[in-house]
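Let's take a walk through a structure made of several chains and see how the pieces sit against each other. Keep the 3D view open and follow along.

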Protein chains: 4
Amino acid sequence: MDAVDKKIINLADKLQGAIVARRRDLHKYPETAWTEFRTASIVIKTLQQLGYDVQFGEAVIVESKMMGVPSEIILEDQMKRAISQGADPDLVKKMIGGKTGVVASYKFSKPGPVLGLRFDMDANDANETTEANHRPNKCGFASVNANAMHACGHDGHTSVGLAVAEILMQMKDELAGTVKLFFQPAEEGVRGAKAMVESGLADDIDYMLGAHFGFKANKTGQIACNVTGFLATSKFDAEFTGVPAHAGAAPEVGRNALLAAATAALNLHAISRHSDGTSRINVGVLNAGSGRNVIPANAILKLETRGATSTINEYMSKEAKRIIEAAAQMYEVKVKITEMGGAAGGNNTKNLADKITTVAQRLDIFNEIIPHSDFGASEDFSYFMERVQKNGGQAAYMMVGADLAAGHHDSYFDFDERSLGLAVKIIAGSAAELLLQK
Amino acid sequence: MDAVDKKIINLADKLQGAIVARRRDLHKYPETAWTEFRTASIVIKTLQQLGYDVQFGEAVIVESKMMGVPSEIILEDQMKRAISQGADPDLVKKMIGGKTGVVASYKFSKPGPVLGLRFDMDANDANETTEANHRPNKCGFASVNANAMHACGHDGHTSVGLAVAEILMQMKDELAGTVKLFFQPAEEGVRGAKAMVESGLADDIDYMLGAHFGFKANKTGQIACNVTGFLATSKFDAEFTGVPAHAGAAPEVGRNALLAAATAALNLHAISRHSDGTSRINVGVLNAGSGRNVIPANAILKLETRGATSTINEYMSKEAKRIIEAAAQMYEVKVKITEMGGAAGGNNTKNLADKITTVAQRLDIFNEIIPHSDFGASEDFSYFMERVQKNGGQAAYMMVGADLAAGHHDSYFDFDERSLGLAVKIIAGSAAELLLQK
Amino acid sequence: MDAVDKKIINLADKLQGAIVARRRDLHKYPETAWTEFRTASIVIKTLQQLGYDVQFGEAVIVESKMMGVPSEIILEDQMKRAISQGADPDLVKKMIGGKTGVVASYKFSKPGPVLGLRFDMDANDANETTEANHRPNKCGFASVNANAMHACGHDGHTSVGLAVAEILMQMKDELAGTVKLFFQPAEEGVRGAKAMVESGLADDIDYMLGAHFGFKANKTGQIACNVTGFLATSKFDAEFTGVPAHAGAAPEVGRNALLAAATAALNLHAISRHSDGTSRINVGVLNAGSGRNVIPANAILKLETRGATSTINEYMSKEAKRIIEAAAQMYEVKVKITEMGGAAGGNNTKNLADKITTVAQRLDIFNEIIPHSDFGASEDFSYFMERVQKNGGQAAYMMVGADLAAGHHDSYFDFDERSLGLAVKIIAGSAAELLLQK
Amino acid sequence: MDAVDKKIINLADKLQGAIVARRRDLHKYPETAWTEFRTASIVIKTLQQLGYDVQFGEAVIVESKMMGVPSEIILEDQMKRAISQGADPDLVKKMIGGKTGVVASYKFSKPGPVLGLRFDMDANDANETTEANHRPNKCGFASVNANAMHACGHDGHTSVGLAVAEILMQMKDELAGTVKLFFQPAEEGVRGAKAMVESGLADDIDYMLGAHFGFKANKTGQIACNVTGFLATSKFDAEFTGVPAHAGAAPEVGRNALLAAATAALNLHAISRHSDGTSRINVGVLNAGSGRNVIPANAILKLETRGATSTINEYMSKEAKRIIEAAAQMYEVKVKITEMGGAAGGNNTKNLADKITTVAQRLDIFNEIIPHSDFGASEDFSYFMERVQKNGGQAAYMMVGADLAAGHHDSYFDFDERSLGLAVKIIAGSAAELLLQK
């Protein structure tokens, strides 16, 4: 451990109370994808006070790339709700349409590389348990918002991000280059990253870091820096519209949306495996028809494709779209395909992963450094990773261990708050490693 | 027109006000399939007061043959609701489990044939329009029960049945043989007739009559006596239960109920046509799956088969069941098939139809006697028809014309109440024709 | 029986030996669809000698409407084969491309209606049994042509046609109007009638007659004149062409023609029933793929649709084509749909059927006149029937009973040659009834 | 290069002429799977003369594990053919039923490990080109057997095996332990190894070696020793038998084998991916039905499954069988599933691969040692590999480079015969490395 490491540990330890308090405040007022008006409002104000150059709203979110956005009515209701829970009305107004992303940057006095850090802010569509022993209930910070709960730890991610921002600012005289903090909405359903990346704000980044609590590292004190196997994914809804008819009296007059959807589902699952690596397809939901004796005039499929690489996933999603359209044509029904989410495939840059591993070892705060972790799932941090790597930069995603009360997305989810400090230390430590004046 | 015809017309005309009042009362308190506690309670009391021998509850409904029965909780709620709306608590108690059928019989002093009359009592699962101009709203007899509305005229059928019962009793000295009145629950979804017929109470019937308002005869003053082409039908629900799994991390662990249901749906529609006549198959509803990224562990199909004859329908339903079970086996999921309704196929007995036509002509109250009507749909009166015809008896179903405010099952449905009297006259007239002392 | 009837019976009886001889000659040299070069050559010469105005080749066959034509190589081989078996080389040359239809007409001196008679000439794709007791073997007239056998009695039809032609010519002074004799190729697979009808040569016909031996009347001495229920039909081949690939090494590179064909087959059978009457669909053949470990790059479906009316069949075939094309699109393979045959739906004109019945009764040569026969299959005589009826004319098809050695299309098929004379008598008798000078 | 290496190179060089001659003789008389009577006869005699203890027939082939065996008639014909081409009639008789495997072993005087070597003998179902420039034609050793051609180099493999056997015998005083030579029939279609392995003769093996010419190493002078990614595979035929019926007249009477096969094909391709690694499914052939207007009563599917491991392939083939059986049940047809071939999955034992690499380097006869080769296909050597590895032994498969005239299984296939000597040297060299007295 060198002097810088020690300084970071000290700074983080001093902030621990504030970090926990902030996490609990965010936990109490969870906001689901594209409705993070209060959370973003707090993030903006905090970062402005710290001295960052803060952008948000349409400057950081490309509207046409937003996926799975709630209806306008819901967004309006949520804006009111956020204001009633303390969000700044002027800021909320500028985030109209759900553009709740925030990008804060600071250029240090000395030239150097550009470092990007990404933190996700959204909560899950879930209701928190009312069981008395659940700590958020015991300690009074359980969700007060219906159908919203931080069951994936993004309250912690946001809180950690603000603490890291504070520490880096306190160390600004020792650092070179630029730091860019991306507070991302709508990670759940992998809906938000694309709209931020497409803003171009990540195009100049040399090093990109992200992190998650408790996933594939479910004990406090663990850390995994060498993460590979992000599955690229696309999420679609396909809505079929046919023509109803009485199934006894005039079946030939109907146009059967249910059979179009059923034949689509079957043939979607028959998409050929890809010889370059892992692929996946899942039609998770099929709802069709209204009455037993009516030719079904409507059907919806909710599906997703995945691939070990973006190329494989593109193969899968291209096949999927053609099959869905052909199924509609087969039954002479209309179909509307809507992109509901997506993530890229990829792997941590080995070099950067090794650097962080060195920092983790040097900090000497982790019990176990997991040598390699196969992600095997999807996270839209991968869009940042892909963009940065394409531009010649390096990217890495860390798994910060945390004891969990229950699995992710469970109504009993909670995590060991000691991991908040550990996350702040490894992220700030890595940032210092990369930006320290030489 | 002879003296008996005149007498019937006079008696019916005197009752017209009471018939309308009864119809409006029933319309205000509609009761859906197997919950006709209040209606049956009124029917029982009225018929007992008229001097009939009245049976109901388990004496007339074979529990194991009841189809599409609501859950116990719903039935209990409905029993309370019925009592709160005036049903006799003691009678309701005896109809526990939804056994809301009533059979009233009277043996005239002279020997003669047994005549059966069937009237259906249940309402639709629908909400009546609140539009001010809708007559039930204007005249204050719109449905007060949520999700229940008499949108098929069974309120009228019941009211007509009670009036016919009264007239026949007033003519008892002129009649011979026996009359049996079947007040049937659960005609909607063709769920109730089978359980009544299986009681054996229709086994001694020589002549069986039934009637419907406004179907294939949608002008007041029309009548069709020569009805053929009842489609036999079976209604099923098939519930598939598989095993959920994460679609990215371990898809092979799941057992996919959605694909089982989809492949069942497709192959059900591919059941071969039958060379003996019309057949039909419809999967009207398919709902499967819970989340986009979860292998779907549950699915439900709601389907129906039909056939020009019971034999063709049995072919269709046997094929259907085998296909559904094989689809479950194909995806190694469990399936539960539940019979939700059914009707037989058949045609009016020509001879009896001709007799009624003669009565209709003689009464001279109809503008138009439709010479032949192809039913082309399903009605569970056919179970009575089939049983009576098998035993060597004759059966006929009449279409009594009525001007309609909107189509059957529409939230704006209403019919011309003049047709109530016309129905009473033709049914009582036909009864007299068949039972008059020679 | 009147004088004309007697005359016809006498003339036919005198010809019986020649009719049988001709039938046996044709039986020995059977010619399958579109290769009836020798048969047509005999028909042309015979009719010319009788004094008819004879047209053939492209004058009577519209090339673009010929369905299921053999390849050019096969046609050339067959032309050589026919010449080697006695066909006139000059005539054969004029029938190039398989245009083997013949239309002979004669205008009687007195004006009157136009009568059309149709006889089909082609043999089946079958090999005649070599069993010694089979009469064609015993009597030395079994097929000498490989893969060709008169197993449907068209040898008899042609022989009957020529005899009728001779009798009518012998009665020319008693007749009025015009007679047109259509000797049609390619009835098997319902491939030939359309190309003759489209020539327009049947457009002026007032009465159209056709006949078949032993179908639905399988005893010598029976006749059925009142035939209904011709099923309209369309025959298609669909050839799918994809891209092969190694199923282990690079499956995603292939384009799977087998799965396109399989999904087409399944969804074709799921085409909705039609409420206006009988419909049918059958994929009778599916052949796909080359090797177990190769993504199948080719597939062929052989299918047919049917309908109680031409409209229903058009609904079926339109649905079928769209489904096939969508299945190809679904698997990104090419598909070529070829019309291989077709027939119209329809019924005998009641009036004309009644007239023939009268003739049959008067001739007093039949043991049993079957009052009504439901055809329930397809025959392309229906194209003549449809065209004539559309133009206001009348058409009828007779079933002439015949004892059979085995069913139609069986390698043991043979029929009682006494029925040849009976057929000549009823056809010539009906012609006389319609054309006799008043 | 040490002394032993030199000795082996010298011995092999002396044999080169004989090796080529033997290869050409075998090439001229190719024998397909389970009919290698002449080849085995030559192998047996040669090895006996060399002093090996030779077993064959039912001692080395477990009948119940033979897959894809020709019919008895074909086998008998082939036995006669083999004898007519010089096979020893007594030996052929003992190989009745196609049991054409040979196992030769020799126990050296000193104790030591057991080394297994496997060589495959069968030819392909193919016809050799008659093109004059094709070397086998130019040099007079082209196939004289119809539908049989050595288009995969197994003629070379057998010839190499016999030369290795000769060299090892000449070095017997320097070697310890035991050598076992497996001359395997029916590698094409992966049909033969299982029946040999199940004999138990490979159960005591410590080191197992196999080799192939020109696959993934298509230049003379290349070699790959570190081979991984053998795909486990299962080959099936599924024959469906239904009931035919006239598609127009009585379709409901038929039992449709075509639709059973089509729905099986579709659902087979929808078997879920496996999260443990690569899987494959291919229905390569589907042939069904006889005539367009007949409900298809028969259908055959030829399919294969694959998996990165035997476990994954077992998952695939278990799923496949259940789906096929359920499809038969769905259409009420019978199905018979026949195992037509199979191979295990697996990888070379790293340790043994490294040893051979060392030998290859030391011999100094290869231009290029390919460091790693991903097999990505199936070879039933894997059954030997799996068995030996399960028993704690080591196994490796080598790719011996060879210039090719055309790809494997092509009618123009031929390979550079210099590679024969190279193969003999690396195999004998590796054997010496493993068995040399210490």
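Predicted model: local features only at pLDDT ≥ 70, side-chain atom pairs only at ≥ 80, totals over all residues.

**Where chain C meets chain D**

Let's begin with chains C and D. How many residues does the contact take from each chain? It takes 36 residues from chain C and 36 residues from chain D. On the chain C side, the elements giving two or more residues are helix 8, strand 9 and strand 10 (298–307). Strand 9 of chain C provides the largest share of that side, with eight residues. Sorted by class, this side of chain C has 18 nonpolar, 12 polar and six charged residues.

How do the two chains relate as copies? In general, two copies of a chain are related by a rotation about an axis and a shift along it. For this pair, rotating by 180 degrees with 0.2 Å of shift along the axis superposes chain C on chain D, with an RMSD of 0.1 Å. Both copies use the same surface, since 100% of the contact residues of chain C recur in chain D.

Now look at the strands. Strand 9 of chain C pairs with strand 9 (residues 279–288) of chain D in the antiparallel sense, over three bridges. In this pairing, C:Asn287 stands opposite D:Asn287.

Which order do the strands follow across the whole sheet? It is an open sheet of eight strands, in the order 11(C)-8(C)-10(C)-9(C)-9(D)-10(D)-8(D)-11(D), with antiparallel pairing. At the edges you find strand 11 (334–343) of chain C and strand 11 (334–343) of chain D, each pairing on one side only. Ignoring direction, neighbouring strands of this sheet are turned by 25 degrees against each other on average.

Zoom in on the chain C end of the sheet. Strand 8 (residues 232–241) and strand 11 of chain C run antiparallel and are joined by nine bridges. One pair to click on is C:Asp237, whose bridge partner in strand 11 is C:Thr338.

Two helices of chain C lie across these strands. Helix 8 of chain C lies across strand 8, strand 9 and strand 10 of chain C together with strand 9 of chain D, and runs at about 165 degrees to strand 9 of chain C. Helix 9 of chain C lies across strand 8, strand 9, strand 10 and strand 11 of chain C, at about 160 degrees to strand 10 of chain C.

**Where chain C meets chain B**

Next up are chains C and B. Here six residues of chain C are in contact with six residues of chain B. On the chain C side, helix 8 (257–269) and strand 9 (279–288) are the elements that give two or more residues. That side has two nonpolar, two polar and two charged residues.

A rotation of 180 degrees with 0.0 Å of shift along its axis superposes chain C on chain B, at an RMSD of 0.0 Å. So this is the relation of a two-fold axis. Which residue of chain C comes closest to the rotation axis? It is C:Ala270, with its C-alpha at 2.0 Å.

**Two helices from chains A and C**

Helix 9 (residues 310–330) of chain A packs on helix 9 (residues 310–330) of chain C at an angle of about 180 degrees, with the axes 8 Å apart. Angles over 145 degrees count as roughly antiparallel, so that is how helix 9 of chain A runs to helix 9 of chain C. Among the residues of chain A that take part are A:Arg322 and A:Ile323, and those of chain C include C:Arg322 and C:Ile323.

**Some residues of chain B**

Last stop: B:Ile281, in strand 9 (residues 279–288) of chain B. Is B:Ile281 buried or exposed? It counts as buried because it has 24 C-beta neighbours inside 10 Å. Beyond its neighbours within four places in sequence, its contacts include B:Leu268, B:Thr305 and B:Met316.

Definitions and conventions
Residues numbered from 1 in each chain as written. Chains lettered and ligands numbered in written order. Contact = placed C-beta atoms within 7 Å. Helix = DSSP H or I, 4+ residues; strand = E, 2+ residues; numbered from the N terminus. Nonpolar A, V, L, I, M, F, W, Y, C, P; charged D, E, K, R; others polar. Least-squares fit on C-alpha atoms with pLDDT ≥ 70 in both. Buried ≥ 20, exposed ≤ 12 C-beta atoms within 10 Å, placed from the backbone. Pairing = 2+ DSSP bridges. Axes fitted to C-alpha atoms, helices over the stretch in contact; angles between N-to-C directions. Parallel < 35°, antiparallel > 145°, perpendicular 65-115°, else oblique.
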